[in-house]
Amino acid sequence: MSGAFIVFEGADGAGKSTLCERISEELRGRGKDAVLTAEPTHEGIGAFIRSGSAGEISQRTEALLFVADRNDHTEWIQEQVSQGKIVLCDRYFASTVAYQSARLDGDASEMDWLIRINDEFIDIPDAIILLDIDPEVGMGRVGTRGEEISKFERLDFQKQVRSNYLYLAEQYGFDVVDASMTRDEVFKKAMEIIEAVIQ
Ligand code: TYD
């Protein structure tokens, strides 16, 4: 069985994590060897980023940390895919470009820089599924999850993230799925995309 590398992207509240879990269960139910993973990872540099121990670092340094975490993660992903597994990854390089360029005020040259620093350390996914949602709707969902509103979850910021994602989707041919549809419809669309790339 040959493996595959599928990435899920989207602004906060798009329903990405729930979708990833449902897809992983569905694939396993069909006898496929699916593994679910996420960035930032929960190990090494990823755990360091999540812990907040880096303190007051510059936006560029933060971007470099996300890429460093991705470098180790990519090696692990490649190993899994070479063993015939279907890797489902919740966020990958487009998160750094969409989020960190929003933090850097979306300046075009910064976006170019963010793409360049990722370039050498990533693997090209077989599919990148972008869950697109109006931030007002997405933010409503974040609110209902009852989680702490992080600095990443403010409305204007999320609007910028969304427009960055849509720009990247057009440039790099991501599969855009309208995440305002019902969860079942979003799941069905995502499965169609995945079925087209797995055997
Ligand atoms: P996480 O707890 O995984 O949230 P989510 O369920 O929304 O994926 O936290 C990830 C946060 O980190 C999310 O708000 C996006 C941000 N992020 C970046 O800013 N740059 C990156 O490169 C990545 C991978 C994540």
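Asp 132 stands opposite Asp 178 in strand 5. That strand covers residues 175-178, and strand 4 pairs with it in the parallel sense over 4 bridges. Pairing here requires at least two DSSP bridges between two strands. Strands are DSSP E runs of at least two residues, helices are H or I runs of at least four, and both are numbered from the N terminus.

A word on the source. This is a predicted model, where local features need pLDDT of at least 70 and side-chain atom pairs count only at pLDDT 80 or more, while totals for chains, interfaces and linings use all residues. Residues are numbered from 1 along each chain as its sequence is written, and side-chain values use heavy atoms, without hydrogens and water.

Now the other partner. Strand 1 pairs with strand 4 in the parallel sense over 5 bridges. Glu 9 stands opposite Leu 130 in strand 4.

How many residues of strand 4 are buried? It is 6 of the 6, so strand 4 is largely enclosed by the rest of the structure. Buried means under 20% relative accessible area, exposed over 50%, partly exposed in between, with a 1.4 Å probe and protein chains only. Ala 127, Ile 129 and Leu 131 point one way; Ile 128, Leu 130 and Asp 132 point the other.

On to the nonpolar cores: sets of buried Ala, Val, Leu, Ile, Met, Phe, Trp, Tyr and Cys joined through side-chain atoms within 4.5 Å. The largest has 30 residues, and Tyr 92, Val 161 and Phe 174 touch the most other members. Helix 4 gives the most to this core, 6 residues. Apart from it lies another core, of 24 residues, including Cys 20 and Leu 131.
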